[in-house]
Amino acid sequence: MSINLKATNPTTKNPLSVLKSRFHAACAATALLLATGSLAQAADLNALIWCDHADPALLQPFEEANGVKVNVKEFEGTGAGLAIVEQSQPGDWDVMVIDSIDVPRGVEKSLFEPLPEDKLPLADLFPQVKMDSSTVVDGKRYAITEKFGYNTIGYNKTKVDPADMQSMAALTSDKYKGKIAIYDYYLPVIGMAALAIGKKTAELTEADLPAIKEELLKMKANAKLVGEVTASQTALATGEVDILVGGGEWVTAGLAKENPALDFSIPKEGAVLWSQSLAMFKDSKNKDMALKFIQYIMSPEGQARLSTSACYWGMPANTKAALTDEQKKILRFDEQPDFLARAQPYPAPNADLDKKMQDVWTEMLQAQ
Amino acid sequence: MNSATNSGRALPWALVTPALGWTLLFFVLPFLAMALSSLTAHDGGGFTLSNYSQFFNNPAYWQAMVNSLQVTAIVTLISVLLAYPFAWILAEQVPARWQRLALMLAVLPFWTSYVVRSYSWLLVLAQNGVINRALTGSGLFAEPVQLANTRLATIIGFVHFFVMLLTLTIFANLKQLSPSYRKAAADLGAGPVRTFLHVVLPLTMPGIMVGAFLTFVLCIGDYITPQILGGNNELLMPQLVMMQIGRRGDFPLASALSIILMAVVTIAYLACARWLKIERA
């Protein structure tokens, strides 16, 4: 196929001048696009998030109310998230979702901006999940807890005896051999193993690891699989297993409509409290909008949408979250004071103990 | 004369420069960065070999390599055994006008997403999946058999993928084989079995080994299939590498493990190259 330039421009211009003028026009258009793009980028909010923040039902109301586009990038694991930040230019990111216990890691790297406490609904938060020991460093608040829940025993109440789920002994008993999945994240499940042998999660030391490993190996001997979020959730939902070690409302609540038989317990030994926080980057070029975003997420409406996100449900940190009665029932909102009183904090080991815990986990995975 | 000679010498270099530049930029430099990272401490300290010593001193890490080699060897062997007759039927038994369609059908699994394909296998192999329903429905088994979340599931997922790859390489080799070899063997009194064992098979070994080597490389470095189908009941090397990154962000240890994995692949390549002269195939 050939292009008849004269036919398209039957004046005196030769083909070369036509090409040159089109090239100039293309350059101008590109420059305009780039300029528009950079302006749009300046007005955008760039968020490093977990999958629950990617739900359009959560982001759209904020975008429409503020005339801003929220660009999100999902990550799993604080190490992976911090690596993304390190590989980015300062100012590329505005806000970040992070494990509450890992906020000091970001502060240590001088990544986060102190948050104005007077502009945040701190007084409305469940007191036990404020996590000041992690989110406040040297008297400055660097993050705010937005969502929490429990790593505990998730189960199908039509397949197991709910009374058995009130004790972690069920996880290592022959009765449920081959009916168990273990959530593949070493910190919370090591925390559960510690609770099962009567240790406090906040006081774990290297000396506790042999006994914890023994308990983990007993659980593994009973388990059919050790799966990450999707795999373990699918295994419980499809009936591949009846019990999920490390499960909780984050697995069962979102599936409640399709599978009302799924439930979770806080056994007599306790449960591990997980919580996620929201922080603002020190180098953000859009701090006002970043603060607005944090305020939106912490508002009653934002909290309701976040806690019932399509990716996974969880308890809102704000007691005034605008949840419906049905949503509160699914999340067992009214039972939270009792649950929180019996829950223990997420293990927060130093770097050395963290490495040793991960090695124990690796040994458990390799055990046959 | 000299300038003509010089330009004659410069031309090949000019032609390969883009490829060399590409390799330098996207392979050599990243590899050097990874090698450098593997020799530094996680806490930002100076030079250390501790990332490598951890692998050799920790049986759980070492076991990941053993698991990877076992799974890869089994997958490669089964894939070759299944792919060869399949390729032979395609090349020798299917009429020439249908071969293109048959090949297209053979590579259909490549058209679907790798992740989706793995999850599909999970559904097929699950306790309530098609296979277990057939087994229990037919009365062969009273209870469902655990197929999903096992090493067997990982191997099935891999074999499904790599049989197609090997079929292509062996098919290409079989098609290049002149019929004269078989005619000559027959003229000399060799039967079909003897002709296959002493003529066809040796001449198609390069195709088998190229496919087997590709299978080995892709299989030993794969993270998705064992992660989805294996149920983490044992760790393979790629899973061990990823585990270092997730929460702790231990890139030096992950780099060291990756380089050890790369060294194993290099040894496999050298073994194949020496034996079959792949570079001349």
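1. In this predicted model, helix α8 (residues 179-187) of chain B and helix α9 (residues 192-220) of chain B have axes that come within 10 Å and cross at roughly 160 degrees. Because angles over 145 degrees count as roughly antiparallel, α8(B) is to be described as roughly antiparallel to α9(B), and the crossing of these two helices is right-handed.

2. As to the residues that make this contact, α8(B) contributes Y181(B), R182(B), A185(B) and A186(B), which meet T195(B), V199(B), V200(B) and L203(B) in α9(B). Sorted by class, the residues of the contact of α8(B) with α9(B) comprise six nonpolar, one polar and one charged.

3. Turning to the interface between the chains, 22 residues of chain B are in contact with 24 residues of chain A. On the side of chain B that touches chain A, the elements giving two or more residues are α3 (59-93) and α11 (237-245) of chain B, and by class this side of chain B has seven nonpolar, 11 polar and four charged residues.

4. A word on confidence in chain A: the average pLDDT of this chain is 89, and 88% of its residues score at least 70. Over residues 1-23 of chain A, however, the pLDDT is below 50, and this stretch has four contacts in the model beyond near neighbours in sequence. Residues 25-41 of chain A also have a pLDDT below 50, with zero contacts in the model beyond near neighbours in sequence. Where pLDDT is low, the predicted coordinates should not be read in detail.

Conventions. Residues numbered from 1 in each chain as written. Chains lettered and ligands numbered in written order. Predicted model: local features only at pLDDT ≥ 70, side-chain atom pairs only at ≥ 80, totals over all residues. pLDDT = per-residue confidence, 0-100. Contact = placed C-beta atoms within 7 Å. Axes fitted to C-alpha atoms, helices over the stretch in contact; angles between N-to-C directions. Helix = DSSP H or I, 4+ residues; strand = E, 2+ residues; numbered from the N terminus. Parallel < 35°, antiparallel > 145°, perpendicular 65-115°, else oblique. Left-handed = near helix turned anticlockwise from the far one by under 90°. Nonpolar A, V, L, I, M, F, W, Y, C, P; charged D, E, K, R; others polar.
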